[in-house]
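Please look through the sequence and structure before reading on.

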Amino acid sequence: MNFDLTDERQMLQDSLRRFLADRYTTAARNAILEGETGFSPEIWSALADLGVIGALFTEAQGGFGGAGFDIAVVFEELGRAGVVEPFLDTALLGGGLIAALGSEDQQALVGDVIAGTLHLAFAHGEPASRYDLARVETTARGEAGEIVLDGRKAVVVNAEAAGQLIVSARESGGVDEPDGISLFLVPAGTRGLALRGYPLLAGGRAAEVTLDAVRVPVSARLGAAGQAFGAIEARVAAANVALAAEAMGAMETAARLTGDYLMTRKQFGRPIGTFQALAHRFADLLIEMEQARSAVINAAGHLEDAPQSRDRQIAAARNLIGRAGRLGAEEAIQMHGGIAMTQEYELAHIAKRIVMTDHRFGDTDHHLERFIALSAA
Amino acid sequence: MDLSYSPDEIAFRDEVRAFLAEKLPRETAELIRRGGHPGKAEMEAWHAILNEKGWLAPNWPKAFGGAEWNAVQRHIFEEECAAANAPRIVPFGLSMLAPVLMKFGSKAQQDHYLPRILDGTDWWCQGYSEPGAGSDLASLKTRAVRQGDHYIVNGQKTWTTLGQYANWIFCLVRTDPDAKQQEGISFLLIDMDTPGIEVRPIILLDGTPEVNEVWFTDVKVPVENLVGEENKGWTYAKYLLTHERTNIAGVGFSRAGLETVKRMARAEISGGRPLIENPHFAARMATVEADLMAMSTTNLRIISKAAVGQAPGVEASMLKVKGTIIRQEINDLARRAAGPYAMPFASETALGDNDPIGPDYIGPVAAEYFNNRKLSIFGGSNEIQRGIIAKVKLGGGK
Ligand SMILES: Cc1cc2nc3c(=O)[nH]c(=O)nc-3n(C[C@H](O)[C@H](O)[C@H](O)COP(=O)(O)OP(=O)(O)OC[C@H]3O[C@@H](n4cnc5c(N)ncnc54)[C@H](O)[C@@H]3O)c2cc1C
């Protein structure tokens, strides 16, 4: 057993942390949050240059990492700084799916992603699918040597910035069967593709996507017809490691801000942290933090396992982090008092990031159910 | 013991329902049902409608133009209003300042200000908290110095809810800096149009401009705007705080909120079945509902013990703590029920139109979840309330 990071990962963590502490200040982030695009292209390319995107891909894919612990290191730091840039969507999900399934031609896009010049979005969830990965009503049918896509996709994060959407659609099977789902690359601006964009509560943007007889060539399909589900599950597993790590990093910031505040804010002539009612709750937060860190390690360390073991570990981790994250966010706000309720104050943003991870790829209860099912299997 | 409403009470409830069905503006109710925030005009219109009926001031004695309802009537009214998605009654003038004026104000102040609260001439806000004086309110620093027939006020208030709409503010100010903290505070009524007052908005974490900073620079306030005696303001403030807490359990809001959650959970499909049938979600809902059923009775038990117009004692702190925990838990359920559609920041300004982003049964539930974290912070934080309960019950006296 060894719980130390490798030298490479340690260096990545250090340089990323330093960069974000310097450049991703509260003021800089507030400006990004108020902007129209939902993220900062300058920060994006600077972080690409730093190797943050490359760290999410294996050497064979053109990167220099790609394992669970690489993902955890990167996303912990992104979470710590409350970063809203779409690393999960463009890199981990979008780039990851192309790397996993794409033809040689398609793989070229991964290079653009790593270089920071291409954005992607994973258009999978639908208005009625909630957290059910296999539920796909969007259809794909062959017509005159082309593929025709029809359907609606919900809360597609980063859709407006994406040069290509990765759209899931059903070629066969019933609406919630894993078999029969394919992925297609749909370039932005394709006829019949309509986006209704909006900001997200915790930063970034998403869109409701309508596909109305969208035509793409057969070569736009990623991988074999109807066989994409395994790759989707594997990428979503990686996304779940990232979300867990992001929430954990953000929780550390929430705890740090709270600790600082407890010892600087004075009421009744003394620092409020000297009131035992708060001191004990702060201690509980730190205890939960350690548990959250271990949960992330468990999930990251099993990402390359066979699906059942992988998903069981990940479900456990996300269930724990969902609980610890909610506690951390709510307690940090409460112990700050009114100041934490203001949009400008860093904790407000951090708390939103934490709680909103609970709405991507399954909430606390969803992961509990998955954990129960996978443990029984 | 009799848990059922008497025939009179049922008749009253029916009367309230009929009134709401007839008089509550449809668009306002619809806005609130979707989780929107009524603006100044909607709130004032609703006040006027209630005032016309004589129902705007349920807790005021009839002599002052109130309805003088008993606890059960108030409970019924609050519950029916919440269920019908009526705007909440802005409490600052009606249920905070008014009781203080009735008890400690001069006849001239009562005659002047109380009718203006009822007819909507004045919109009051509450100027208690300061950046350095939150839970420790008695440490407040805003200074009022007597000069002839005026006070000169300098300092800053903060967290002033809806101060942007207000034309008057009631303030706690320090008039004797040398006395013991609680003994140098006075209760002043200040016209917001007086030169030297500046109101700056504070945007809350859900994007709403709900609170403000209010700055005072050499603001001249006539001495007749002092309530009661100079340096006795703390006594009046404490009296006011007990009133601030009377409807703090928010049972009506919780009921309405739980109904909304149920509506969402019936419509939302999870794993091929309505979410309401999901055992984990159903268990969360049932647990809150069990809490709420007991809370409703706790609330009635406690408030019916207190005479009309009077506030309960330490039990009010209990209502506040438990009532806010339940409301916040319901907000948490609502955001869970929304699934991925909790993520959009669904403000009208962000969208440029009113079309909901996801299914129309999902409102801005996550924004509401974050906004209502305030419930356990303001009006005396839950930690402060627990401190009061423990101090009283462990023998610190009443
Ligand atoms: C949305 C909103 C609206 C508001 N509207 C108004 C308004 O209209 N008018 C107005 O005057 N004020 C208003 N307030 C202010 C509100 O009353 C204060 O926020 C509240 O009194 C807490 O003060 P604080 O925020 O300074 O927190 P602090 O007092 O600094 O408290 C920080 C933390 O320390 C805890 N704490 C403090 N002392 C103790 C202790 N002795 N033991 C244990 N824990 C302790 C608190 O519970 C809290 O968790 C509003 C606040 C909010 C958030």
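## Second largest cavity

The lining of the second largest cavity has 13 residues, and nearest its centre are Ile321(A), Gly322(A), Ile354(A), Thr357(A) and Asp358(A). A cavity here is a set of points, on a 1 Å grid over the protein atoms alone, where a 1.4 Å probe fits but cannot get out, and lining residues have an atom within 4 Å of a point. The volume is about 100 Å³, taken as the space filled by probe spheres set on the points, with grid points joined across faces, edges and corners.

In chain A, helix H7 (229-264), helix H9 (307-336) and helix H10 (346-357) each supply at least two residues of this lining; H9(A) gives the most, with five. Helices (H or I, at least four residues) and strands (E, at least two) are DSSP runs numbered from the N terminus. By class, six lining residues are nonpolar, three polar and four charged. Ala, Val, Leu, Ile, Met, Phe, Trp, Tyr, Cys and Pro count as nonpolar, Asp, Glu, Lys and Arg as charged, and the others, Gly among them, as polar.

## Largest cavity

The structure holds three cavities of 30 Å³ or more, and the largest contains about 320 Å³ of space. Its lining has 24 residues, with Gly125(A), Ala154(A), Val155(A), Phe361(A) and Pro340(B) closest to the centre.

Helix H5 (87-101), strand E1 (120-123) and strand E3 (146-157) of chain A each contribute at least two lining residues. The largest share, four residues, is from E3(A). This lining comprises 14 nonpolar, four polar and six charged residues.

## Basis of the values

This is a predicted model, in which local features need pLDDT of at least 70, side-chain atom pairs count only at pLDDT 80 or more, and totals for chains, interfaces and linings use all residues. Residues are numbered from 1 along each chain as its sequence is written, chains are lettered from A and ligands numbered from 1 in the order in which they are written, and side-chain values use heavy atoms, leaving out hydrogens and water.

Terms used. On a 1 Å grid over the protein atoms alone, a cavity is a set of points where a 1.4 Å probe fits but cannot get out, and a pocket is an open set with protein on both sides within 12 Å along at least five of seven lines; lining residues have an atom within 4 Å of a point.
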